[in-house]
Amino acid sequence: MNFPKYVMTNTNDLDMAIREAKNPMCEWYDANHDDLPYFENIVTGEQFGNYHHTSWSCGHCPGRWAESLFFSQLVTGMELDPVVFQKLKKWVFKVYSNHINLPANIDLNTFELKKEVDLCNLRESFFGLTAVYLYDHDIRVFTIAEKVIATVEKYFDFENGRWDSTAYEEATGAKSVGLFTGDLEQTRFCNTFGRFIGGLVRYYEISHSAAALTLACKLSDVALRSVVLEDGTFDPDRTAAHPYSTTSMLSGIALLADITGDMLLFNRLKSFMENGFYQIAIDTGWVTENLNRTNLVGEINNSCDLLEVCLFLGKAGFSKYYERAEQMLRGHILPSQLLDTCFISDKNYIDDSKNHMARRVKGAFGFPTPYGHEDEPGSVISYNWDIIGGVSGLCWSKCHQTTENNDIYSINLLFDYENHDIKFSSPYQHDDILSIKLRAKKNLRIRLSSRIDLKKLKEELKKSGIIYCILGDWLYLNHLMVGHTYSFCFPFIEEDKEYIFKNHHLTFRWKGDSIIAASSEGKRLCFFQELS
């Protein structure tokens, strides 16, 4: 193994990123314990290997993996291995076999289910139930889901935003724990029922369950009254210091806003992205793993939750949020994917939890810094298997990359794209040259980065004889001939920008919505060339 200054990255190919990200989810199952997925992964240091968790191996990973694998098949056409999916389906159902009406934790000594629920897993278990139904239409999904919803309605106090753990335990014999942020914070709304909103919306989309929609709306009302306030701030006293507790709730609210068109929800999300976002993150898309940290370890789950918020805000008409989404993709999420495993052992171990680690971990997302895989030389590097938000974020980006409404094609994210109507070649991938070919008569608009030289762009379009109109953030090309390829320079502006997060000073060189260099003196495994 070696630890070079720079690692190989991908900042342009969404399909390749999704394909690589699927790989670990097809690999890390414990054959000695009924194919239970692993949760914890460490690729450097003395704790090298994969490990189970009493809650997240059984109640979290199976649902999240099932949803991500099915979603990736849906948006890319990449076939889902049925053997792998059946392993996940087994656990999606198994955690509900303990007669407590909520997803159970597992005893790591006996590997039997416990009379215990980690409330943070409600979201991921519903992701899993939804994926199972979409994959093979197993109607057991509806019975389980409706019982969960009824249980939450019975024991959750919507006025105070609190779970009545005592009454629930008296009725079922099961303890409620909050392992996400520690037992003392088990009643935190964000990391339990707030984040459940997204799971309910995904389930509603397959079931049209009135109970699911009602509960999602009631929980969102609690969120707006107690956590996602008008000022948009991130307050650890309300949310807990672990941002994923909050971001996973925000992405669920964005899903609800999308299906309802509720502008109150969109405006609260927008307020957070303009205020609270900058308390935990920077424009590149890097988000701290925990606000109590003094180092720069981040978490891709957080980044992709907020990416999804940006995508849905963009869809709602706030087009600048498509720009923020592309900056997050190109500036952090895509380059942080583990594609270069030169620093990871690929030895053959008898212990399958360590065997051929480098090959089987490739494609994972984890806890990157703004500049690379490693915080400081010698820091432990981990890719825990709940960090599947990277796949979800990439899949949602594919959905929003190009959209069509009222016979107008919108290129929202400037990645290469091709279908039966259009072929688009991105200037990011083709030396600043944008090319477009219509295969059917369409009106077209392309989102403009704020870092583009409009004067030079107009000169390029005039030189090419292209009829155009610029309105706000969009370049309209409504008179293109079918079958003809139009190519012109898309003149991005380069800009060095400094960010200060706590006591850390970080400088990045932007070109359009991509990063081409960054400050990284003394660091290893870096994503970008060092600023000169």
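# A tour of strands and helix pairs

**Stop 1: S14 and S18.** Select strand S14, residues 433-438, together with S18. The two strands run antiparallel and are joined by 5 bridges. This is a predicted model.

Stop 2: Select residues 494-501 for strand S19 and residues 504-511 for strand S20. These strands run antiparallel, with 8 bridges between them. Start at glutamate 494: its bridge partner in S20 is lysine 511. Then go to the turn. S19 and S20 form a hairpin with 2 residues between them. Stop at lysine 502 in that turn, where phi is positive, at about 55°.

**Stop 3: H1 against H16.** Two packed helices are described by the angle between their axes and the distance between the axes.

Select helix H1, residues 14-25, and helix H16, residues 389-401. They pack at an angle of about 150°, and their axes are 10 Å apart. Angles over 145 degrees count as roughly antiparallel, so H1 and H16 are roughly antiparallel to each other. Their crossing is left-handed. Show side chains next. From H1, display Leu14, Asp15, Ala17, Ile18, Ala21 and Met25. They meet Val391, Leu394, Cys395, Ser397, Lys398 and Gln401 of H16. Colour this contact by class: 8 residues are nonpolar, 2 polar and 2 charged.

**Stop 4: H7 against H8.** Move to helix H7, residues 190-207, and helix H8, residues 210-226. At what angle do the axes cross? The crossing is at roughly 155°, and the axes come within 9 Å. H7 and H8 are therefore roughly antiparallel to each other. This crossing is left-handed. On the H7 side, show Phe193, Phe196, Ile197, Leu200, Val201, Tyr203 and Tyr204. On the H8 side, show Ala212, Leu213, Leu215, Ala216, Leu219 and Ser220. The H7-H8 contact has 12 nonpolar residues, 1 polar and no charged.

**Stop 5: leucine 119.** Leucine 119 lies in the loop between strand S6 (113-118) and helix H4 (122-136). Is leucine 119 buried or exposed? It counts as buried, because its relative accessibility is 1% and the cut-off for buried is under 20%.

**Stop 6: H10 against H11.** Finish with helix H10, residues 243-260, and helix H11, residues 263-274. They pack at an angle of about 145°, with axes 9 Å apart. H10 passes H11 in a left-handed crossing. Leu250, Ile253, Ala254, Leu256, Ala257, Asp258 and Thr260 make the contact from H10. H11 supplies Leu265, Phe266, Leu269 and Phe272. Coloured by class, the H10-H11 contact shows 9 nonpolar, 1 polar and 1 charged residues.

How values were computed: Residues are numbered from 1 along each chain as its sequence is written. This is a predicted model: local features need pLDDT of at least 70, side-chain atom pairs count only at pLDDT 80 or more; totals for chains, interfaces and linings use all residues. Side-chain values use heavy atoms; hydrogens and water are left out. Two strands pair if DSSP finds at least two bridges between them. Helices (H or I, at least four residues) and strands (E, at least two) are DSSP runs, numbered from the N terminus. Axes are lines fitted to C-alpha atoms, for helices over the stretch in contact, and angles run from 0 to 180 degrees between N-to-C directions. Angles under 35 degrees count as roughly parallel, over 145 as roughly antiparallel, 65 to 115 as roughly perpendicular and the rest as oblique. A crossing is left-handed if the near helix is turned anticlockwise from the far one by less than a right angle, and right-handed if clockwise. Contact means heavy atoms within 4.5 Å. Ala, Val, Leu, Ile, Met, Phe, Trp, Tyr, Cys and Pro count as nonpolar, Asp, Glu, Lys and Arg as charged, and the others, Gly among them, as polar. Buried means under 20% relative accessible area, exposed over 50%, partly exposed in between (1.4 Å probe, protein chains only).
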